[in-house]
There are 2 protein chains.
Amino acid sequence: MGLNFNQERIMKKTSARHDREFLQKCIDHAVASVAGEGGPFAAMIVRNGEVLGKAGNCVTLDNDPTAHAEVVAIRQAAAHIGDPHLLDCVLYSSCEPCPMCLAASLWAHVPRIVYAASHTEAVRAGFDDTAFALLLFGQVMPVALPAGHLQQIAMPQARAPFDAWLAKADRQQY
Amino acid sequence: MGLNFNQERIMKKTSARHDREFLQKCIDHAVASVAGEGGPFAAMIVRNGEVLGKAGNCVTLDNDPTAHAEVVAIRQAAAHIGDPHLLDCVLYSSCEPCPMCLAASLWAHVPRIVYAASHTEAVRAGFDDTAFALLLFGQVMPVALPAGHLQQIAMPQARAPFDAWLAKADRQQY
């Protein structure tokens, strides 16, 4: 098995303050994404403080059902470094990653994921994240991810992208 | 929930003979993919007999950990029809889709998936499909997909792409 999660190494290089700064950037980007006709999500791939990928959700903008913010940020980062494996990277996301994004992060060997809003926010905004988790996992959360792989940090503005989405009369639900 | 699986409609439009023809094309494409320095997988999106997307695995070719054959075929098809939802389509794959590809097919609202080789073939060739399924699903198979959503059809040459991969001395494992 090709996994190399490097969690101890990655934890030494990040701090709670940095985590919150990057999450806030994701939240701001997700709000901007809604204003720009994208979905209410954004994500970043960060290595040693350097942003290697940063994206909003482009599903309807690009007619690409796989263009979740996390997937697009992973694709950007891997193209940028010229390697499909994002060792020593952290995936920050404005919202709890869906099953596709979790699996994509495993294939990318991302050792740590930090997110702000819970999947219940995505559901409040009309998305199928929880429904698909139940079909695949048989429960809301992935069953056996390594401890510390997936971490939620409460952010005061975590709901803002979804509030913006729900306030948008012409939003294109998908 | 935005799902519209349309399974009855899709089943009326396909036949076992067509299924086997498209699977054989996927297997041939997967063998060719290995010869072209891609991974040993290929997939197609087909609607009413028309191929809307067709791809081999491009993870190492494109430095894109999400470039599994199924994901690339889904992206091609959605771009082609200008809609992120692939209603009335069948996803054919040379091998059982991994968790990322299954979740991608749910987001794409693909109502039916047909594959040739079992995940055990991917594992034999050194891939982490089963390991990731265990981390996410807690078991090898997705827990609660609708009946008929995912169908394996035994094909005599299903192992050929993996045999070609394992015979390739300079293969780039990922």
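Colleague: Which elements do the buried residues of α5(B) pack against?

Modeller: First, a caution: this is a predicted model. In chain A, they pack against α5 and α7 (129–137). In chain B, the partners are α4, β3 (89–95), β4 (112–117) and α7.

Colleague: What makes α5(B) largely enclosed by the rest of the structure?

Modeller: Count its buried residues. Nine of the nine residues of α5(B) are buried, so the helix is largely enclosed. The run includes B:P99, B:M100, B:L102 and B:W107. Just after α5(B), B:H109 has a positive phi of about 60°.

Colleague: Why is A:H29 called buried?

Modeller: The cut-off is 20 or more other C-beta atoms within 10 Å. A:H29 has 22 of them within 10 Å, so A:H29 is buried. This residue sits in helix α2 (residues 16–35) of chain A.

Colleague: Which residues does A:H29 touch, leaving out those up to four places away in sequence?

Modeller: A:H29 touches A:A42, A:K54 and A:G56. Take A:A42, which is 13 residues apart from A:H29 along the chain. The C-alpha atoms of these two are separated by 5.8 Å.

Colleague: How do you know that the span of α4 in chain A is close to the expected one?

Modeller: Helix α4(A) covers residues 69–81, which is 13 residues. The expected span is 1.5 Å times one less than the number of residues. That gives 18 Å, and the helix reaches 18 Å from its first C-alpha to its last.

Colleague: Which residues of α4(A) are buried, and what covers them?

Modeller: Among the buried ones are A:V71, A:V72, A:I74 and A:R75. Their cover includes β1 (39–47), β2 (50–57), β3 (89–95) and α5 (99–107) of chain A. Just after α4(A), A:G82 takes a positive phi of about 70°.

Colleague: How do you know that β1(A) and β2(A) pair?

Modeller: Pairing needs at least two bridges. These strands have seven, in the antiparallel sense. One bridge links A:G39 to A:N57 in β2(A). The two strands form a hairpin with two residues between them. In that turn, A:N48 has a positive phi of about 50°.

Colleague: In what sense does β1(A) pair with β3(A), and over how many bridges?

Modeller: That pairing is antiparallel, over five bridges. In β3(A), A:S93 is the bridge partner of A:A43, and A:Y92 is the partner of A:M44.

Colleague: How does β3(A) run relative to β4 of chain A, parallel or antiparallel?

Modeller: Parallel. Five bridges join β3(A) to β4(A), residues 112–117. Here A:Y92 stands opposite A:V114.

Colleague: What makes β1(A) and β3(A) mostly covered?

Modeller: Again, count buried residues. In β1(A), eight of the nine residues are buried. In β3(A), seven of the seven are.

Colleague: Why is the relation between chain B and chain A called a two-fold axis?

Modeller: A rotation of 180° superposes chain B on chain A, with 0.0 Å of shift along the axis. The RMSD is 0.0 Å. That is the relation of a two-fold axis. The same surface serves both copies, since 100% of the contact residues of chain B recur in chain A.

Colleague: How many residues does each chain bring to the contact?

Modeller: Chain B gives 41 residues, and chain A gives 41 residues. On the side of chain B, α3 (59–62), α4 (69–81), α5 (99–107) and α7 (129–137) each supply at least two. The largest share, seven residues, comes from α5(B). By class, this side has 29 nonpolar, eight polar and four charged residues.

Colleague: Which residues have the most contacts inside the largest nonpolar core?

Modeller: They are A:A103 and B:A103, in a core of 112 residues. Look at B:A103, one of the buried residues of α5(B). Beyond four places in sequence, B:A103 touches A:C98, A:P99, A:M100, A:A103, A:F132 and A:L136.

Notes. Residues numbered from 1 in each chain as written. Chains lettered and ligands numbered in written order. Predicted model: local features only at pLDDT ≥ 70, side-chain atom pairs only at ≥ 80, totals over all residues. Contact = placed C-beta atoms within 7 Å. Helix = DSSP H or I, 4+ residues; strand = E, 2+ residues; numbered from the N terminus. Nonpolar A, V, L, I, M, F, W, Y, C, P; charged D, E, K, R; others polar. Buried ≥ 20, exposed ≤ 12 C-beta atoms within 10 Å, placed from the backbone. Core = buried A, V, L, I, M, F, W, Y, C linked by C-beta atoms within 7 Å. Least-squares fit on C-alpha atoms with pLDDT ≥ 70 in both.
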